[in-house]
Amino acid sequence: MIRIEFLKKRLWKYRGIRITPKMEHGVLIAGLSIFIPVFLLSIFFCYKTGMSNVAEWFTWDYLKNIKGWNWAYIGKGFVISFIVGAMTVLLAYFVFFEKYRRIWHRQKIARMFISNRFIEKESYSTESKWSFSDKTVTKSKLTYFPKAYYKINKGYIEFRVAMDMSRFQERFLKLGDELENGLYCTLVDRELEENFVCYKLMYDVQRNRISIHDVTVKNGSMKLMEHIEWKFDELPHMLIAGGTGGGKTYFILTMIEALLKSDAELRILDPKNADLADLESVMPEKTVFRCALHGRKLGGESPLQAWQ
């Protein structure tokens, strides 16, 4: 069994969907792939009564009488078909929003490669096919495009780009901020794999949030979000940072509640004699310690009271 797993890793590993230059227009291509079939099908239903004599449409006698055509009927059919096609695309956008967003992500990544010139092109000369004279035109073809993959895995975006010893390799190692801001995700990890650098971003932060009462402690780990856990048995230290009013105190209170529900023994020290010092009124004796020399009275409702 171990040998089979080793061979799988060596022979083939699924890294996700390959980012290609065509994905630069991924959203447009996806929209047209829905719109065009629906539009053509609607055209067929609008003009199905005249489809029986479609061969006559291309005869000279029929074409020369163009002024006699029922243009109001023709225009009405095209407008109806266009509206039906557009509404179908709009409906698909709402029904398959997650698929749309992944296509949009891949489009952004492809455009990032192109706009940052992580590509190489080669110019060549050829004869124009649309000129009556033997005119030579200069065109360019793509000779290098980064080998990169996009994958959704357990609520995370995994973006891999190959370390292929190209002149862009050093810049590939510094894509974290661009991916985080461009995809509107939170970068949680960057690791070097064999021949690749993998960026791991938290996907859809709002949807993965959980309520205070869903924060639980089990087997030395605290669940903080749908796909985020603090494994305090392995990493016992935590730094909580943020601006004023950012929710640090409520986050700490949430952790304290979860630990108390797991029958953990807690000791709380509040040197500033601030919000956490109020916990001595609801926690067992000699578990909350404050610094009386620097005490200060809080006016109004404390965060603890609001939290309760």
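What follows is a short tour, from the whole chain down to a few single residues.

## The big picture

First things first: this is a predicted model. The protein chain is 308 residues long, and 29% of those residues are buried. Counting up its secondary structure gives 10 helices and 12 strands.

Next, have a look at the surface. Val79, Phe82, Ile83, Met87, Leu90, Tyr93 and Phe94 make a nonpolar patch there of about 720 Å². One of these, Phe94, sits in helix α4, which covers residues 71-95. Is Phe94 buried or exposed? Its relative accessible area is 58%, and the cut-off for exposed is over 50%, so Phe94 counts as exposed.

Val84 is also found in helix α4. With a relative accessible area of 34%, Val84 lands between the 20% and 50% cut-offs, so the label here is partly exposed. Which residues does Val84 touch, leaving aside those up to four places away in sequence? They are Val38 and Ser42. Ser42 is 42 residues away from Val84 in sequence, yet their C-alpha atoms are 7.3 Å apart in space.

## Helix α5 and Arg101

Now move along to helix α5, residues 97-115, where you'll find Arg101. Buried or exposed, which is Arg101? The relative accessible area of Arg101 is 17%, and buried means under 20%, so Arg101 is buried. What about its side chain? The Arg101 side chain makes a polar contact with the side chain of Glu98, at 3.1 Å.

## Strands β2 and β3

Last stop: a pair of strands. Strand β2 takes in residues 120-127, and strand β3 takes in residues 136-144; the two run antiparallel and are joined by 8 bridges.

How many of the 8 residues in β2 are buried? The count is 0, so by the under 20% cut-off this strand is hardly covered. While you're looking at strands, keep one general point in mind: in a regular strand, side chains alternate between the two faces of the sheet.

Conventions:
Residues numbered from 1 in each chain as written. Predicted model: local features only at pLDDT ≥ 70, side-chain atom pairs only at ≥ 80, totals over all residues. Heavy atoms only, no water. Helix = DSSP H or I, 4+ residues; strand = E, 2+ residues; numbered from the N terminus. Buried < 20%, exposed > 50% of the residue type's maximum accessible area, 1.4 Å probe, protein only. Patch = residues over 30% accessible without salt bridge, like charges linked within 9 Å, V, L, I, M, F, W, Y side chains within 5 Å. Areas by Shrake-Rupley, 256 points an atom, 1.4 Å probe, with all protein chains shown as cover. Salt bridge = Lys/Arg side-chain N within 4 Å of Asp/Glu carboxyl O. Pairing = 2+ DSSP bridges. Polar contact = N/O pair within 3.5 Å; in protein donor to acceptor, adjacent residues only side chain to side chain. Contact = heavy atoms within 4.5 Å.
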